[in-house]
Every structure is written in C-alpha cells, then in structure tokens.
Amino acid sequence: MFTLTEIVQPNTLEEAYSTLIKRKNNQILGGTAFLRMGNKRIGTGIELSNLNLDYIKEDDDFIEIGSMTTLRSLETSSIIKKNFSILKDSVRDIIGVQFRNVVTVGGSVFSKFGFSDLIVALLSLDTEVETYKGGRISLEEFLNKSYEKDILTKIYIKKNNKKAVYNSMRNAKSDYPILNVAVSKLDKNFTICVGARPQRAKIAKKTSEFLSNNEINEKNIDLAMNIMVDEIEFGSNMRASKEYRLQISKVLVKRAIMEVTKC
C-alpha cells in the first residue's frame with residue numbers, strides 16, 4: 001500500500017505539472033490501482049479528475065481517448081467496439097471488472113508496464129500519445145524514450161480500417177499474462193507486436209516486413225516465426241521461463257496472423 005503526505009486536485013494542466021516537478025517524490029495518481037499493489041511513499045499525490053480527461057471521442061480521422069478514461073470504459077464503449085475491438089479484447093481478462101473500473105488508460109500507458117495487455121494492442125495500431133510537455137509522438141517512440149516527469153493527457157488512434165487481433169497466454173484467466181501478442185494488417189502490411197516478454201511490448205519489424213512482402217501461407221508463416229524469435233528478446237521470471245515464452249510466442253503469433261488474415 002502506498003502512503004501520501006498530501007493530495008491535490010488541480011484545475012489546470014499547468015497547475016498539475018508545476019506540482020509534479022516541485023519535488024522528486026510527487027506523483028500523478030491516475031486510478032492508483034497498481035500503486036495499491038506496491039509499497040511506495042509519495043509526497044504530493046496529484047489527482048486529475050478536475051481536468052476533464054475522462055472521455056472517448058471520434059472524428060473523421062482519429063479516435064481520441066483521454067488519459068483518465070478507465071479500461072472498463074474502453075471495454076464497453078460503442079466507439080471502440082465499432083472501430084478497434086482489439087482494445088476490448090485486450091482488457092477483458094485484466095483482474096476483474098472492479099479493477100478495470102479504476103485503472104486508467106493514462107496510468108497504464110505512461111507506466112510502460114511490460115505486462116500491459118493494453119499497450120501491446122495499441123502498439124499494433126497507429127497510435128500516438130500526447131503529453132503536456134513532450135507533445136504528440138508515436139506510441140513506439142514514447143515507449144523507447146527514457147523516463148521524464150510529464151503528464152500523459154490523451155492518446156490518438158488513427159482510423160484507417162486496420163484489422164487487428166490480440167492473443168495472450170495466462171496461468172489463470174484473471175492473472176497477469178505470461179505472454180501477449182497483437183497482429184494487425186492494413187492492405188498487405190502486417191505489424192507484429194509481442195509483449196510481456198516479460199519486457200515491455202515491442203514491434204517485430206523484420207518479421208512484419210517479411211510477412212508484408214510475401215504470400216501468406218503455412219511455409220512463409222513458419223519462416224516468419226523463425227525470424228521473430230531471432231529478433232525478439234525473451235526473458236524469465238516467476239511466471240515463465242525464457243524458453244517457454246519463446247515457444248508460446250510462435251503459437252500465439254501464428255494464430256493471430258491466421259485470424260487477422262480472415263478478417
């Protein structure tokens with residue numbers, strides 16, 4: 001359980017950011033779901049509910065999601081279901097409904113958790129994140145940046161009819177994933193993403209390029225799986241060994257390729 005010296009609810013992003021950088025141990029709270037699982041001492045907790053960041057909006061080009069939107073809202077949103085059902089699929093097995101009712105999109109993405117189901121799904125789409133000071137950049141670039149004190153305000157997902165499929169392996173339905181994958185396809189172009197390696201999600205670029213430039217058949221998919229396990233690094237932790245993750249990745253990605261090809 002985390003402890004707080006004080007908590008503030010700023011009315012502007014500038015006020016929130018100024019408080020955040022004032023002291024090293026000041027922190028944005030988000031939904032606090034994952035904070036509750038650890039043991040951390042926070043100086044000033046900054047709660048963002050006054051900033052109107054809980055929304056899902058659609059225009060002609062993008063789906064825009066505010067950082068205080070909960071995973072449960074993603075799961076039940078008609079906008080998300082119509083455009084990117086992969087997001088609903090990726091969050092539905094996370095712990096339980098009560099948990100998903102408090103976990104926020106911003107907290108999940110900004111924390112860059114290796115086990116995140118949402119991040120691997122978003123990475124397979126054309127997703128951008130916007131932070132208060134850092135501006136708007138691709139999710140891939142954001143994941144590869146070193147940590148900086150900032151506030152994630154929203155994410156954008158490009159509406160381009162990209163088809164995408166999510167798969168995961170868990171020891172139990174509501175447990176953290178042993179491995180998760182997302183595969184998307186736009187025209188002939190594939191994007192293969194692997195997460196919970198247990199490191200954070202990553203695009204298998206050589207594998208994606210191979211599949212995009214070759215006929216999709218059993219032989220080429222098997223060749224692609226060999227490319228993938230050479231370019232993606234796997235590790236071991238209490239949930240699974242490196243070797244097990246490597247083997248499972250080939251099964252999950254191959255299954256996702258076949259599913260997205262039929263979409």
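In this predicted model, E218, I221, D222, M225, M228 and V229 of helix α10 touch L246, S249, K250, V253, K254, I257 and M258 of helix α11. Sorted by class, that contact has eight nonpolar, one polar and four charged residues.

**Helix pair α10 and α11**

- Helix α10 covers residues 218-231 and helix α11 covers residues 242-262; their axes come within 10 Å and cross at roughly 140°.
- As for handedness, the crossing of α10 and α11 is right-handed.

**Aromatic rings**

- The count of aromatic pairs comes to six.
- One of them is F62 with Y156, an edge-to-face pair with 6.0 Å centre to centre and 80° between the planes.
- This pair links distant parts of the chain, with F62 sitting in strand β5 (residues 62-66) and Y156 in strand β8 (residues 152-158), 94 residues apart.
- F62 has 22% relative accessibility, so F62 counts as partly exposed, while Y156 is at 10% and counts as buried.
- F115 and Y176 make a tilted pair, at 4.6 Å centre to centre and 55° between the planes.
- F115 is in the loop between α6 (105-111) and α7 (117-124), and Y176 is in the loop between β9 (163-170) and β10 (177-186), so this pair ties together parts that are 61 residues apart in sequence.
- With a relative accessible area of 26%, F115 is partly exposed; Y176, with 18%, is buried.
- There's also one aromatic cluster made up of F110, F142 and Y147.

- As background, most residues other than glycine have a negative phi, and most peptide bonds are trans.
- R197 and P198 are joined by a cis peptide bond, with omega at about 15°.
- P198 belongs to the loop between β11 (189-195) and β12 (202-203).
- A196 is also in the loop between β11 and β12, and its phi is positive, near 55°, in a residue other than glycine.
- A196 counts as buried because its relative accessibility is 1%.
- N52 is another residue other than glycine with a positive phi, near 55°, and is found in the loop between β3 (41-46) and β4 (56-58).
- N52 counts as exposed, given its 65% relative accessibility.

Methods:
Residues are numbered from 1 along each chain as its sequence is written. This is a predicted model: local features need pLDDT of at least 70, side-chain atom pairs count only at pLDDT 80 or more; totals for chains, interfaces and linings use all residues. Side-chain values use heavy atoms; hydrogens and water are left out. Axes are lines fitted to C-alpha atoms, for helices over the stretch in contact, and angles run from 0 to 180 degrees between N-to-C directions. Helices (H or I, at least four residues) and strands (E, at least two) are DSSP runs, numbered from the N terminus. A crossing is left-handed if the near helix is turned anticlockwise from the far one by less than a right angle, and right-handed if clockwise. Contact means heavy atoms within 4.5 Å. Ala, Val, Leu, Ile, Met, Phe, Trp, Tyr, Cys and Pro count as nonpolar, Asp, Glu, Lys and Arg as charged, and the others, Gly among them, as polar. Rings of Phe, Tyr and Trp (its six-membered ring) pair if their centres lie within 6.5 Å; planes under 30 degrees apart count as stacked, over 60 as edge-to-face and the rest as tilted. Buried means under 20% relative accessible area, exposed over 50%, partly exposed in between (1.4 Å probe, protein chains only).
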